[in-house]
Amino acid sequence: GISILKLPNGEWIDAEDFSEFGHALKVFRELTSFKQEMGKEVLNATKPIVYCEGITDVKHIKAAGEVLGYSAILDSIDLRPVGDIEKGGGEKNLKKLYDTVKTNATLTQRKVFVVFDNDVNYARNLEGSVRRYVFSKNEANNIVLKGIENIYPNEAIIDDVLDDEERVDGQGYPYQRKAISKVKFADYIFGNAESIPKCYFDNFKELFEEIKKWLAD
């Protein structure tokens with residue numbers, strides 16, 4: 001029931017001839033599929049769900065929870081990344097999930113809590129059954145500025161978790177620099193949490209206190 005008038009010539013065209021139509025249809029299909037997929041996942045859960053951007057985030061949060069004495073909290077939640085290696089995780093899919101559950105009140109009565117890294121522009125929403133938490137930037141860490149790795153102090157970033165990264169300077173000359181490997185760092189933290197100084201996890205305390213409030217509400 002829609003007619004499209006192409007300007008400036010005043011030409012009537014079919015929807016399929018409109019260049020934005022194909023893109024809009026693709027986005028609609030992706031969002032609809034995502035909504036159905038996430039809806040099934042949320043409905044099939046048996047505990048309040050805490051989603052984060054990726055599997056490395058899950059490892060950091062689990063390690064911090066055990067070290068800081070929040071084991072009971074971890075046992076009370078279903079902590080998982082959004083998507084997986086095949087379906088993809090990341091900030092965009094986590095935002096889709098949050099928006100889908102937040103704006104579809106009839107989708108589920110289950111509690112949902114999403115955790116974003118510090119490099120997003122979203123405000124926190126810490127009320128209601130569906131909440132959004134965003135890590136604050138740790139200004140004391142000047143080695144890793146973005147991502148959950150920024151939560152830690154500089155001292156936590158050891159040489160073993162750094163890789164040589166190929167870069168090109170402003171004049172086109174290649175050079176190497178050290179860059180953190182997210183996977184290596186997460187595995188190091190998760191595998192050595194008990195021997196790592198407890199204070200390295202201090203910036204996770206706020207997250208667990210907010211999850212604790214969410215569970216109690």
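This is a predicted model: local features need pLDDT of at least 70, side-chain atom pairs count only at pLDDT 80 or more; totals for chains, interfaces and linings use all residues.
Local features are reported at a pLDDT of at least 70 and side-chain atom pairs at pLDDT 80 or more, whereas totals for chains, interfaces and linings use all residues. Residues are numbered from 1 along each chain as its sequence is written, and side-chain values rest on heavy atoms, with hydrogens and water left out.

## Helix H2

Helices (DSSP runs of H or I, at least four residues) and strands (runs of E, at least two) are numbered from the N terminus. H2 comprises 14 residues and spans 20 Å from its first C-alpha to its last, close to the 20 Å expected at 1.5 Å a residue; the expected span is 1.5 Å times one less than the number of residues.

Burial is judged by relative accessible area: under 20% is buried, over 50% exposed, and anything in between partly exposed (1.4 Å probe, protein chains only). By this criterion 10 of the 14 residues of H2 are buried, so the helix is largely enclosed by the rest of the structure. Among them are Thr56, Asp57, Val58, His60 and Ile61 towards one part of the list, and Ala63, Ala64, Gly65, Val67 and Leu68 complete it. The buried residues of H2 pack against strand S3 (49–52), helix H3 (71–76), strand S4 (78–81), H5 and H6. Contact here means heavy atoms within 4.5 Å. After H2 comes Gly69, with a positive phi near 85 degrees.

## Salt bridges

The model holds 10 salt bridges, each defined as a side-chain nitrogen of Lys or Arg within 4 Å of a carboxyl oxygen of Asp or Glu.

| Pair | N to O distance |
|---|---|
| Lys59 and Asp187 | 2.6 Å |
| Glu206 and Arg124 | 3.0 Å |
| Arg131 and Asp217 | 2.4 Å |

The salt bridge of Lys59 with Asp187 links distant parts of the chain, 128 residues apart: Lys59 belongs to helix H2 (residues 55–68) and Asp187 to helix H5 (residues 182–192). Lys59 is partly exposed at 24% relative accessibility, and Asp187 is also partly exposed, at 37%.

Glu206 pairs with Arg124. Glu206 is partly exposed at 36% relative accessibility, as is Arg124 at 31%.

Arg131 is in strand S6 and Asp217 in the segment after H6, so the pair joins parts 86 residues apart in sequence. Arg131 is buried, at 4% relative accessibility, whereas Asp217 is exposed, with a relative accessible area of 59%.

Asp117 is located in the loop between strand S5 (112–116) and strand S6 (130–134). Asp117 is buried but has no salt bridge, and its nearest side chain of opposite charge, Lys182, is 4.9 Å away. In assigning charge, Lys and Arg count as positive and Asp and Glu as negative, while His and the chain ends are not counted. Leaving aside residues up to four places away in sequence, Asp117 touches Glu53, Asp57, Val134, Phe135, Gly147 and Ile148.

## Cysteines

The structure holds 0 disulfides, a disulfide being a pair of cysteine sulfur atoms within 2.5 Å. Cys52 is buried, with a relative accessible area of 0%, while Cys199 is partly exposed at 49%.
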